[in-house]
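Hi,

Here is the model I promised to pass on.

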Protein chains: 4
Amino acid sequence: MKHNEGLTIRTDLAIEAKDLFSDYDHSTKDKTISMSGLKVHHVWVDEAAAETLNKRKGHYITIETNAIKKNDPDQKQNTSHVLKEVLQQLLGEKGISQDSQCLVVGLGNNYVTPDALGPSVISKLLITNHLFEYHPEYIEDHQRPVAAISPGVMGVTGIETSDVIKGVVNEMKPDFLLAIDALASRSVERVYSTIQLSDAGINPGSGIGNKRKELSEDVYGIPVISIGVPTVVDAVTITSDTIDFVFKHFGREFSEKDQPKSRLAPAQISIGEKNLTESDLPEEHTRKELFGMIGGLEEDEKRQLIQEVLTPLGHNLMVTPKEVDAYIHELSKVISDGINQALHEQSSD
Amino acid sequence: MKHNEGLTIRTDLAIEAKDLFSDYDHSTKDKTISMSGLKVHHVWVDEAAAETLNKRKGHYITIETNAIKKNDPDQKQNTSHVLKEVLQQLLGEKGISQDSQCLVVGLGNNYVTPDALGPSVISKLLITNHLFEYHPEYIEDHQRPVAAISPGVMGVTGIETSDVIKGVVNEMKPDFLLAIDALASRSVERVYSTIQLSDAGINPGSGIGNKRKELSEDVYGIPVISIGVPTVVDAVTITSDTIDFVFKHFGREFSEKDQPKSRLAPAQISIGEKNLTESDLPEEHTRKELFGMIGGLEEDEKRQLIQEVLTPLGHNLMVTPKEVDAYIHELSKVISDGINQALHEQSSD
Amino acid sequence: MKHNEGLTIRTDLAIEAKDLFSDYDHSTKDKTISMSGLKVHHVWVDEAAAETLNKRKGHYITIETNAIKKNDPDQKQNTSHVLKEVLQQLLGEKGISQDSQCLVVGLGNNYVTPDALGPSVISKLLITNHLFEYHPEYIEDHQRPVAAISPGVMGVTGIETSDVIKGVVNEMKPDFLLAIDALASRSVERVYSTIQLSDAGINPGSGIGNKRKELSEDVYGIPVISIGVPTVVDAVTITSDTIDFVFKHFGREFSEKDQPKSRLAPAQISIGEKNLTESDLPEEHTRKELFGMIGGLEEDEKRQLIQEVLTPLGHNLMVTPKEVDAYIHELSKVISDGINQALHEQSSD
Amino acid sequence: MKHNEGLTIRTDLAIEAKDLFSDYDHSTKDKTISMSGLKVHHVWVDEAAAETLNKRKGHYITIETNAIKKNDPDQKQNTSHVLKEVLQQLLGEKGISQDSQCLVVGLGNNYVTPDALGPSVISKLLITNHLFEYHPEYIEDHQRPVAAISPGVMGVTGIETSDVIKGVVNEMKPDFLLAIDALASRSVERVYSTIQLSDAGINPGSGIGNKRKELSEDVYGIPVISIGVPTVVDAVTITSDTIDFVFKHFGREFSEKDQPKSRLAPAQISIGEKNLTESDLPEEHTRKELFGMIGGLEEDEKRQLIQEVLTPLGHNLMVTPKEVDAYIHELSKVISDGINQALHEQSSD
């Protein structure tokens with residue numbers, strides 16, 4: 001797939017960004033494993049890839065889970081466990097020791113439910129930092145000092161979120177930052193079902209087109225680990241994804257005519273396997289037959305076209321599933337459980 | 001536009017239903033007027049149309065407003081005022097007198113923000129019914145007895161909502177019911193910007209495909225007035241609307257090549273005028289050129305195709321704008337203001 | 001203790017009412033046992049006692065627990081278990097069978113935190129009634145049909161709560177009612193630490209002096225079981241209790257002077273044993289020495305005096321501990337767990 | 001009144017502290033005026049008084065209002081107006097200019113309703129600081145840069161609140177701080193009816209006995225203005241106040257026997273005049289007759305005695321009126337209105 005130079009790739013998820021580029025070298029930099037039944041993707045963005053993908057250099061690890069959408073108690077527990085494991089590995093790679101001091105930052109707006117993931121996670125964490133100073137008798141052996149703040153969003157505070165955090169870091173001098181954020185997704189499927197961990201730092205609001213000061217090791221002088229989950233998606237994405245689903249649906253119908261029934265019927269496609277690869281899509285001439293000129297467009301051209309039509313009309317809504325209250329509540333429990341285990345319990349390695 | 005017999009038209013808004021049918025006689029049954037700067041549509045569904053449209057017989061009046069999406073204080077006040085006027089007219093047509101007793105029913109689930117419109121409106125109403133019995137000294141001349149309940153939803157209560165209301169009606173014996181509900185829309189534009197009033201009764205949950213017992217004069221033996229606002233929309237609608245916006249965009253581009261620049265450029269289309277009529281769309285051969293086979297489909301065929309692809313994949317999400325908390329809060333203030341004025345103040349006629 | 005005829009005993013808790021009367025025959029009608037480490041009192045109010053105590057005839061069972069105030073996870077689990085046991089016994093005594101249909105009523109105002117216990121419990125119950133009709137395949141063997149409503153309070157709905165429930169009962173025709181309510185207490189200690197179950201029916205709001213229509217078997221024709229927990233207390237009670245604590249404190253100091261140190265020092269009085277009996281209090285002449293004329297008053301005379309002073313000043317505040325949000329949240333989890341186990345699980349007898 | 005040296009005076013309100021000392025020179029340092037019908041007290045604590053009163057040196061201005069308890073719309077508007085006036089005067093005295101940059105700090109715990117005043121006020125402020133940098137076109141002439149944060153409480157964040165604020169101040173470099181806090185009161189009457197403004201700095205949590213780092217000009221190097229309202233009161237205060245009300249009640253009864261009826265009957269005592277002065281109380285021998293030994297104690301001895309009895313029993317509850325949700329909501333609207341007017345509008349002087 002040739003990259004359209006004029007486009008800016010805008011997504012919070014590295015796994016989405018890299019799928020958009022044909023010259024990204026998947027063979028050497030990607031790894032997908034299974035942990036407790038969940039798919040875990042590891043993407044390493046080096047300096048060269050960083051420029052191509054418009055993503056910061058670093059590790060990007062994504063956990064795929066249906067726990068929230070299915071409201072499945074066992075999967076929730078699994079997801080917390082996998083999150084703990086992945087987070088501990090990432091802490092290990094950054095050389096962060098078992099007793100180093102952590103400041104957790106819950107990004108987002110507590111009064112906007114789909115953006116309240118960060119503050120909601122914060123409210124469920126086991127906070128111990130003050131006990132180390134004032135009540136050391138309550139501290140157990142495997143616990144570390146953990147503090148947490150919800151710095152709010154600039155539209156509400158009037159201050160750059162990065163500056164609020166920088167001020168607190170300067171006073172408190174923690175050993176590392178752990179930032180939790182709700183993200184925008186370029187894929188309907190990933191909403192509430194992908195947890196991304198990274199050590200690359202983040203730009204708050206970048207997924208919805210706001211340019212804010214970054215949260216990164218460059219700015220704070222200490223490692224910054226982030227945990228993000230997409231909670232919103234825009235109308236461009238919904239439409240573009242749907243057109244692709246229609247392509248895929250018909251592509252399979254076409255191929256089924258000529259071939260033995262070697263493939264799943266559309267209704268049986270499992271959610272975890274959606275990411276369309278070129279081979280899933282019908283040939284270009286078939287796509288054009290189905291969708292005319294639109295069918296002949298590349299992924300990013302198609303998105304750009306849709307965006308150019310919707311945006312001036314004010315119709316490129318950023319939306320969230322109607323179950324947003326329950327999803328944020330359950331997701332924040334899953335993530336806070338994983339973090340509490342990772343920060344306060346002995347590594348299972 | 002020929003109706004595809006196999007399709008079920010599923011929408012909570014009569015104004016959407018009637019647009020789907022070419023044999024609906026617009027000339028005699030529709031009326032659009034302007035009140036305080038807002039468009040107000042009146043649709044009368046008689047028995048013949050009721051069958052065609054799959055809507056109950058009765059008056060359906062829709063108020064179009066951008067007050068919520070624009071967060072415009074003046075428009076909010078206007079909208080409350082127009083709602084009051086339209087509600088008082090409807091009460092007048094039903095022969096409901098100034099001092100008759102009203103039971104307001106706030107439908108929906110208070111724990112699911114986009115479905116909490118009804119309970120939220122209820123919480124802001126001026127309740128006077130008990131004062132008439134216990135503290136008549138607090139009652140002012142122009143006030144009537146108003147009571148209000150939030151019956152919940154069947155998934156939470158285990159009881160048909162219609163039965164809960166029937167029980168309360170039998171005990172309280174009000175003169176008429178006023179039911180407030182959050183609706184599903186078949187149009188991205190109408191979400192949070194259309195207020196529908198009707199005397200036709202309602203089927204809770206019908207817009208999202210649930211079959212519940214109806215709330216109607218047939219069931220309760222007293223007039224049932226409903227006020228509904230669409231707060232959610234599904235992925236099928238978003239995609240279908242977007243494809244139409246693309247058609248319209250290119251249709252104008254095509255026509256602009258051949259004709260003098262007599263029409264607005266796409267970027268200037270005002271939001272209030274979106275409802276596509278046949279003449280706005282490009283010719284069928286142009287649509288096919290742009291969108292292939294999909295372009296050749298009628299509106300309802302296109303929706304059905306998209307639905308058939310998305311539903312088995314679990315991707316026909318029902319979504320709401322990410323600003324759902326603020327929108328429900330503001331909308332419930334606008335509607336409760338209008339109701340309080342209509343029920344307790346002297347008619348301005 | 002002689003009863004002052006002119007006083008109205010006003011308390012939601014039978015265990016408090018009976019302590020106020022010297023002619024209540026404790027020997028035959030009271031029973032206190034220990035279950036899973038918690039004290040459980042059983043009071044049987046017969047027709048004669050009903051008149052004396054100004055309480056309805058029936059069983060009144062109180063469970064004493066520090067689970068909420070201590071935020072103790074083990075005690076919370078114990079409390080849910082004991083509640084389950086006591087509730088199942090009460091259901092057994094009323095001849096309510098394992099598969100009979102239950103309507104749970106969450107009394108109180110969801111927008112007033114200390115009064116939101118009922119609605120909060122309701123929101124955590126396992127609701128199955130609709131599944132028996134629409135999805136019997138989801139029902140497990142030991143489950144019964146359970147429905148639940150939150151009828152609101154008259155100040156908000158404009159309708160007598162008893163009438164709302166009567167209407168729903170008439171439509172749904174359940175086999176029995178289970179009503180959950182937040183109560184007022186005449187004792188600081190009981191707030192958030194006493195759970196009262198009864199089959200005697202209830203008068204909503206009676207503890208705070210409002211006269212509402214009753215919820216009882218007489219009204220509905222089916223058994224009415226109630227579960228109540230005191231969440232508020234008035235300034236009269238706080239003052240009166242405190243004066244008693246001071247008496248008790250000095251009474252012990254006095255007695256310690258003359259006697260061997262056979263009794264606990266005041267600081268060691270366990271919370272569960274507070275209810276002052278005559279023998280705990282110092283002699284009347286000692287009380288007068290300490291507290292003058294006030295010291296010579298009987299319990300109810302003292303309360304009446306304080307009330308007569310505070311009420312005209314507007315200072316007889318009804319208050320709740322400042323931790324009200326967390327207490328209501330945790331308490332509603334404990335109670336809903338107990339109810340879910342009692343209604344849906346096999347009896348442990 | 002002689003001061004008992006052993007006692008620590010613990011109150012957030014200067015007006016309460018000074019009433020406890022007989023050697024405080026009221027004649028030269030106090031001033032009470034009426035503004036828009038509300039009483040406004042000004043107390044100046046100089047260095048000598050600071051030591052006596054255990055309060056910081058500075059201005060303490062209290063506004064007395066029944067707006068919240070009476071839910072009176074006109075009084076709410078008056079209260080906002082008086083708050084604006086007093087705040088502007090205080091800003092003037094500190095030499096803070098019309099266009100200087102303000103950081104508002106909403107102290108307290110957003111998840112504990114009676115402690116959520118600060119965060120609740122913050123959420124209703126007009127925030128302009130970021131607009132000065134990013135969207136100066138939206139700024140109107142009379143507006144100044146205002147930013148706002150809710151730093152949380154140490155039990156939830158694990159960090160000293162003073163340190164969080166110091167960090168933000170160091171990054172943002174505002175010209176002055178405005179801190180909003182919920183207080184504890186030593187008087188039942190002041191709860192939700194006294195607004196205290198001060199330039200003396202504050203110690204978060206001091207009213208409930210926690211020792212936290214201070215928020216003051218000494219720490220931050222810029223003026224610190226605070227606005228506090230008592231929202232909680234303890235059982236000691238309720239009891240002590242009630243005993244005083246009983247004294248006063250009987251004191252007047254006694255005096256009425258001997259004198260012409262020149263005084264108000266107890267039931268007509270206006271709320272604004274409660275603060276008992278020595279002359280209101282009956283003579284010591286009368287107090288002893290009424291209340292025995294307790295009646296002979298000084299105010300602070302009585303409180304200490306009650307506290308010594310209640311505290312070991314765990315019964316010195318910190319409580320709040322049961323209407324806490326509505327009170328905090330309305331109070332935060334009144335205060336945010338006053339602040340918005342004071343910070344963004346032209347002085348009315």
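In chain D, strand 6 and strand 8 (residues 224-234) run parallel and are paired through nine bridges. Strands pair here if DSSP finds at least two bridges between them, and helices (H or I, at least four residues) and strands (E, at least two) are DSSP runs, numbered from the N terminus. One of the bridges in this pair puts D:Ala182 with D:Val229 of strand 8 of chain D.

Before going further, the ground rules: this is a predicted model, where local features need pLDDT of at least 70 and side-chain atom pairs count only at pLDDT 80 or more, while totals for chains, interfaces and linings use all residues. Residues are numbered from 1 along each chain as its sequence is written, chains are lettered from A and ligands numbered from 1 in the order in which they are written, and side-chain values use heavy atoms, with hydrogens and water left out.

Back to chain D. Strand 6 (residues 176-185) is mostly covered, with ten of its ten residues buried; buried means under 20% relative accessible area, exposed over 50%, and partly exposed in between (1.4 Å probe, protein chains only). In a regular strand, side chains alternate between the two faces of the sheet. For strand 6 of chain D, one face has D:Phe176, D:Leu178, D:Ile180, D:Ala182 and D:Ala184, the other has D:Leu177, D:Ala179, D:Asp181, D:Leu183 and D:Ser185, and all are buried. Strand 4 (residues 102-106) of chain D also runs parallel to strand 6, joined to it by five bridges, and D:Val105 sits opposite D:Ala179.

Four bridges link it in parallel to strand 4 (residues 102-106) of chain A, and A:Val104 has A:Ala148 as its bridge partner. In chain C, C:Val146 and C:Ala148 of strand 5 (residues 146-149) point one way, C:Ala147 and C:Ile149 the other way, and all are buried. Strand 4 (residues 102-106) of chain C pairs with strand 5 of chain C in the parallel sense over four bridges, with C:Leu103 opposite C:Ala147.

Now the helix packing. Two packed helices are described by the angle between their axes and the distance between the axes. The axes are lines fitted to C-alpha atoms, for helices over the stretch in contact, and angles run from 0 to 180 degrees between N-to-C directions.

Which way does helix 9 of chain B pass helix 9 of chain C? The axes of these two helices (residues 161-172 in each) come within 7 Å and cross at roughly 120°. That makes helix 9 of chain B oblique to helix 9 of chain C; angles under 35 degrees count as roughly parallel, over 145 as roughly antiparallel, 65 to 115 as roughly perpendicular and the rest as oblique. The crossing of helix 9 of chain B with helix 9 of chain C is right-handed, a crossing being left-handed if the near helix is turned anticlockwise from the far one by less than a right angle, and right-handed if clockwise. Ala, Val, Leu, Ile, Met, Phe, Trp, Tyr, Cys and Pro count as nonpolar, Asp, Glu, Lys and Arg as charged, and the others, Gly among them, as polar.

Within chain C, helix 5 (residues 73-93) and helix 14 (residues 324-344) have axes that come within 8 Å and cross at roughly 45°. That makes helix 5 of chain C oblique to helix 14 of chain C, and the crossing is right-handed. The contact of helix 5 of chain C with helix 14 of chain C has eight nonpolar, six polar and four charged residues.

A:Ile328, in helix 14 (residues 324-344) of chain A, counts as buried at 5% relative accessibility. B:Ser332, in helix 14 (residues 324-344) of chain B, is buried with a relative accessible area of 0%.

Cheers
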